[in-house]
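Open the model in your viewer and keep the sequence panel beside it. Each stop below tells you what to select next and what is there.

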Amino acid sequence: MTTKLRVSVVGDGSLTESIIMGLKTRGHDVVSGNEIKKQEKDIDLVIETTNLDLDRKKNNLQEIEPFIGQDVLILSTCLGVTATETASWLKYPSRLVGFAAFAPWEGAELIEVAPALQTNSTYLDHTRQFFQLLGKEIEIVDDEVGLVFPRILSLIINEAVFALTEGIASAEDIDIAMTKGTNYPMGPLAWADEIGIDDVYAVLAGLYRNLGEDRYRPAPKLRKMVHAGWLGKKSGKGFYNYKIEE
């Protein structure tokens, strides 16, 4: 893999802007999906970031695939869907590799990577080389919705939201209990605001849809907050209120 890449980043996930910024900072060219469809530019890699709207994610991938080479690596977030299911949407599924991380991207030292069942091992090597170029370690895990860190943290946040809804404690008191009681870097509700409520909900909804177990059922308040556009820091309102910088 060359040291300067031309990468197309498509999708509207929370990581989109920070991934683009990280690529540009390290000297890589970033091309939008529309630019590729209009000019058929040669690219080295596609990154798709949509998590909550799976129909949109599917459309994004199927719309861009005819405009890229058959051997171009596609990295796709798997917070709300498995890499294997995502690969099944493609004409050439062996080039897809899943990955998962929560925002903020800049602070993530390690990215979890999951090959789909269809993935050719060559593309896993390309994935490792790509993340190394970005200064990220990777950990290869089995393919399931949310992978490891996003899955476990989402379940902790979900339980905190149930506790809030049941009136056990205020948001502030829940966060204080968890930061001082467990030495977590943040309370689970403040952490959800930092990540993005929509990404947390995407993980829980995906696990519940795929595995059908009640322990993954998203708290109704999370679903309502997503519908209301209360997505945490990025929207100015979540479990706490924030001032949006112009």
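**Stop 1**

Select valine 9 and isoleucine 47: valine 9 stands opposite isoleucine 47, which is in β3. This is a predicted model, in which local features need pLDDT of at least 70 and side-chain atom pairs count only at pLDDT 80 or more, while totals for chains, interfaces and linings use all residues. Residues are numbered from 1 along each chain as its sequence is written, and side-chain values use heavy atoms, with hydrogens and water left out. The names of helices (H or I, at least four residues) and strands (E, at least two) refer to DSSP runs, numbered from the N terminus.

Now show strand β1 (residues 6–10) next to β3: the two run parallel and are joined by four bridges. Another partner to select in β3 is valine 46, bridged to serine 8.

Stay on strand β3 (residues 45–48) and display its side chains. Leu45 and Ile47 point one way, Val46 and Glu48 point the other way, and all are buried. Buried means under 20% relative accessible area, exposed means over 50%, and partly exposed lies in between (1.4 Å probe, protein chains only). In β1, four of the five residues are buried.

**Stop 2: from β3 to β4**

Select strand β4 (residues 73–77), which pairs with β3 in the parallel sense over four bridges. Two strands pair if DSSP finds at least two bridges between them. Glutamate 48 stands opposite serine 76 of β4. To get from β3 to β4, the chain passes through helix α3 (residues 54–64), and this β-α-β crossover is right-handed. Right-handed means that, with the strands pointing away from the viewer, the path from the first strand over the helix to the second runs clockwise.

**Stop 3: β1, α1 and β2**

Select β1 and β2, which pair in the parallel sense over three bridges. Arginine 6 is placed opposite aspartate 29 of β2. Here the chain crosses from β1 through α1 to β2, again as a right-handed β-α-β crossover.

Next select helix α1 (residues 16–25), where Thr16, Ser18, Ile19, Ile20 and Leu23 are buried. Which elements cover these buried residues of α1? They include β1, β2 (29–31), β3, β5 (96–100) and α5 (121–133). The helix α1 lies across β1, β2, β3 and β5 and runs at about 170° to β1. Such angles run from 0 to 180 degrees between N-to-C directions, and the axes are lines fitted to C-alpha atoms, for helices over the stretch in contact. Just after α1, select glycine 27, which takes a positive phi of about 90°.

**Stop 4: the whole sheet**

Show the strands together. They include an open sheet of seven strands in the order β2-β1-β3-β4-β5-β6-β7, with mixed pairing. Its edge strands are β2 and β7 (137–140), each pairing on one side only. From one strand to the next, the twist averages 30°. For an antiparallel pair, select β5 and β6, joined by four bridges. Valine 97 stands opposite proline 115 in β6.

**Stop 5: two loop residues**

Select leucine 90, in the loop between α4 (83–87) and β5. Is leucine 90 buried or exposed? With 7% relative accessibility, leucine 90 counts as buried. Leaving aside neighbours within four places in sequence, leucine 90 is in contact (heavy atoms within 4.5 Å) with Leu61, Glu65, Ile74 and Leu96. Leucine 90 and leucine 61 are 29 residues apart in sequence, and their C-alpha atoms are 7.3 Å apart.

Then select threonine 119, in the loop between β6 (110–115) and α5. Threonine 119 is buried, with a relative accessible area of 15%. Not counting residues up to four places away in sequence, threonine 119 touches Ser94, Leu96 and Val97.

**Stop 6: α7 against α8**

Finish with helix α7 (residues 171–182) and helix α8 (residues 188–195), which pack at an angle of about 100° with their axes 7 Å apart. The two helices α7 and α8 are therefore roughly perpendicular to each other. Angles of 65 to 115 degrees count as roughly perpendicular, under 35 as roughly parallel, over 145 as roughly antiparallel and the rest as oblique. To see the contact, select Ala171, Ile174, Asp175 and Met178 of α7 with Pro188, Leu189 and Ala190 of α8. These contact residues divide into six nonpolar, no polar and one charged. Nonpolar covers Ala, Val, Leu, Ile, Met, Phe, Trp, Tyr, Cys and Pro; charged covers Asp, Glu, Lys and Arg; the others, Gly among them, are polar.
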